[in-house]
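Here are some questions about how the terms applied to a structure follow from their definitions. Each answer sets a value against its cut-off.

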Amino acid sequence: MIRSTSKPVVNDNPFMKPMEWVSLALLVAVIFVVLPMLLDAFRLNLVGKYLTYSFVALGLVICWGFGGILSLGQGVFFGLGGYLMAMYLKLEASSVENTKIQSTPGIPDFMDWNQITELPWFWKPFQSLPFTLIAVIVVPAFFAFVIGTAMFRRRVGGTYFAIITQAIAAILTILIVGQQGYTGGINGITDLRTLNGWDIRTDSAHAILYFVNGALLVGCILFAQAVKKSKLGRILLAMRDKEDRVRFSGYQVASFKTFAFCLAAVFAAIGGAMFTLQVGFMSPSFVGIVPSIEMVIYAAVGGRLSLFGAVWGTLLVNWAKTTFSESFPELWLFGLGALFIAVVLAFPNGLAGIYRTYVEPRLTRRVKALEPAPAVALPHAAE
Amino acid sequence: MLGDYSLGDLSSIFVMQGFAGLILFSVYVLMALGLAIIFGQMGVINMAHGEFMILGAYMTYLCSGFFQTHLPALFPAYFFVAMAMAFLASGALGMLVEWALIRHLYKRPLDTLLATWGLSLILQQAYRSIFGAREVGVELPSWLIGSVQVTDTIEIPINGMFVMGVTTLITVGVAILMYRSRFGAQVRAVVQNRAMAGAVGIDTERVDRLTFGLGCGIAGIAGSAFTMVGSTGPTSGQLYIVDTFLIVVFGGAASLLGTIASAFSISQTQSTLEFFLSGSTAKVITLLAVVGILMLRPQGLFTLKVRR
Amino acid sequence: MNAALLPSHIIGADPAEKNFLLAVEALTVSFDGFKAVNDVSFYVDPNEIRVIIGPNGAGKTTVLDLICGRTKASAGSIKYKGQELTKLSESAIVQAGVGRKFQTPSIYDDLTVFENLEISFPRGRSVFGALTFKRDAEVRDRIEEVASMIFLKDQLLERAEFLSHGQKQWLEIGMLLIQDPELLMLDEPVAGMSVGERIKTAELLNQIIKGRSVLVIEHDMKFVEDIAHRVTVLHQGKVLSEGSMERVKNDPKVIEVYLGH
């Protein structure tokens, strides 16, 4: 046996590298200082809405970027989080006093329109705020756990998984639209007013919610960073590359995949709940196939392996979408389509890849002390 | 829900809904055939498949208009020309797309999925710019309208039988092409071992391009058939893509017979349920059943056990 | 089973009485009707080095796949220290003490050599365990120790992608070493190596086989003669011959199908 007595040759695996701290500081500064100073209340609320999508993109970085599991159904979890929140808010807005002109006062207006005379059983618990907050996390996580366990234990992955998740997004949308008495149908759940008595429609409430949203986002980024830095993060990367090797190193691959999928679902659900709070409604148009796959492009544009990139990518795409669809609506779909193609063909590592290739080398040349961050290349076979 | 009907009523309903579902079934089969060739044989996920179908539908619409104004005498026969045009247009576009896009991504199936989604957005917007946002419909020649009365309670639409006949012909043609012809042998050789196929002198790039073009061309014919059941709009194709993928996966991706059986069971289940329930509930139940079965049996219904 | 084929010390011994590390009995697997492994039985003693040889398509790799759970058996049993493996999941088989090296080097290109080895360290294998795994002194020391055994001490921080083919093979052997399995299965460990690498690998294998049983698939006869205690010859999914290299070499059946051509 050779017992090594020399000092460990490996660095201490710090929580974040210096450049990552810089990225975090930059993000915090932009979200909490720069944007609130530059933008009026309406625009800031709009950015707040975009930032809720970046929760989804962040989850996709973990699940798709690291784990190689592409879910085309993240809208399902975004929607679940959003709808569960909306159910609470709607019940609060539908007090007997507010709804006394209805034939059945005290139930949401769309139920009354659909001749429903009693609050359905699955709506009842959402009269409680603590229950709602727990459900926003637990229900999507449980749903993802069931799907993930069923699929990953049977070694379903790659394109099959993508198709099945997409089908689930389609099913949920059809279900929500079809069951309008229970869900508000195509219009969704609208006319939300107060959160535990606090009016969420005012500019000051929007501003407070914006900062809460930002804080939650930073919290999620830090949690994702902890996952990335842990051995679990490295196992996800390893699994994406050589699944069998991980399996024959004694790991239950399915559990790790399920974990990544559940984490992505929880992030998406938090985003969805914050969306409902800031925008004041939730509708099936955020659940289906189209929004789900659009959320993938946010992560792809930011760089599918970059946690911070997920946020920048989301902001950039949505900023472009708003700008283009305001001035050249017919061009936007061409632009978005081209973006999908470009990000796959030309920039598979997105903004983060461009940054690492062109910007970082210049920066690190100046700051000698910083270690070069090895750019993790895109695996050629994502299966 | 079944209790209100007598046994005789029920069997008539099943038969009627069965024939009413014929066109839907044919559209599904043709879409799925094209996709099964592209996905099953090449492993490529083509999210723009619905847009290739819609191109076929627009070609049919153009032909219908052209024959009405310029060749009214030949109008009864235009549908055959339209189908050929649909096949050629979608096939040609497919080959172009393979050359420009798909061939760079053969080793990255998930990325192909994103890129072809981008393509589908571009195509949708292109259709909107060219044909307008409003949905268009086609005139059917008079001999395709109407139905044949079989018994008192059962009547079969003529266009359904026509489309069914065309679908059968194409399916048989594809089966012969894939399993009996030299081209089919080359496709399968490339699928199984690209390097070896190249080494024995098969032009693998050409085979890829033709295979992809063939799959897209068949989608174009599906679009022709589609004009008989629905009106054509820029985003009509998107509604079909999930169903079609489920059909292909459900049937077992590499099996043509499985694809047909699965298209049949899915379209018939949906069409029969639609009689008793609302359309959306029927769809939800059908899709849920398929997804549920796929979770239990991910390899699909018709697959052989092979060494991994 | 044909008793005449078996080496003398097995004849008459009831497998249940003897403490085999691995007892494979009547193992069969069929793929769509084709029996890739057909009624195969053999027994591996503790600390034995067993080499499986046989022409291409004889079912050698499939036997390893069956033992480590990658392929499910159609019939037969695989007992490891008395425990039935055919019903366990892959990860449970690994945790029971069976390690497997694949034919082509199977390492994680995107991770460093250190991280490759760390993943194989037998601790924190559950989701929660992996989240809370600490890279402590024990882990570091062990990784460095193994890295120097596999000649990669200076490459610890390098990404595995940039290693040479031989180094990748060593890295995978190192990943197994860290796992410290009692039964080590190696699929063609010297295939594709240069002469120099081959000598170093033989040296490495001689070092790591101490204190464990090893099941090796190898085509290189020189290498087999050097390391094998006993040899099992597979042919068309069946055991053709078994015994010392000397005995197997002179078996007319073996000469006919394998060594003779």
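UniProt positions are given in the numbering used here, feature names are shortened, and annotations may be inferred rather than shown by experiment. The model is predicted, with local features needing pLDDT of at least 70 and side-chain atom pairs pLDDT 80 or more, while totals for chains, interfaces and linings use all residues. Residues are numbered from 1 along each chain as its sequence is written, and chains are lettered from A and ligands numbered from 1 in the order in which they are written.

Q: What makes residues 156-179 of chain B a "transmembrane region"?
A: The label comes from the UniProt annotation of an unreviewed entry, which also covers residues 275-296 of chain B, among others. In the model, residues 156-179 of chain B are 92% helix and 8% strand, with end C-alpha atoms 33 Å apart. Residues 275-296 of chain B are 91% helix and 0% strand, and their end C-alpha atoms lie 28 Å apart. Helices here are DSSP runs of H or I with at least four residues, and strands are runs of E with at least two, numbered from the N terminus.

Q: How many residues of chain A are in contact with chain B?
A: Contact requires C-beta atoms, placed from the backbone, within 7 Å. By that test 39 residues of chain A meet 35 residues of chain B. The largest share of the chain A side, 15 residues, comes from α6(A).

Q: What makes β1(C) and β2(C) a pair?
A: Pairing needs at least two bridges found by DSSP. Strands β1(C) and β2(C) are joined by 7 bridges and run antiparallel. Within this pairing, Val29(C) stands opposite Val37(C). The two strands form a hairpin with 2 residues between them, and Asp32(C) in the turn has a positive phi of about 55 degrees.

Q: Why are β6 and β10 of chain C called edge strands?
A: The open sheet has 6 strands in the order β6-β7-β8-β3-β9-β10 (chain C), with mixed pairing. Strands β6(C) and β10(C) each pair on one side only. For β10(C), 5 bridges join it to β9(C), antiparallel.

How values were computed. Contact = placed C-beta atoms within 7 Å.
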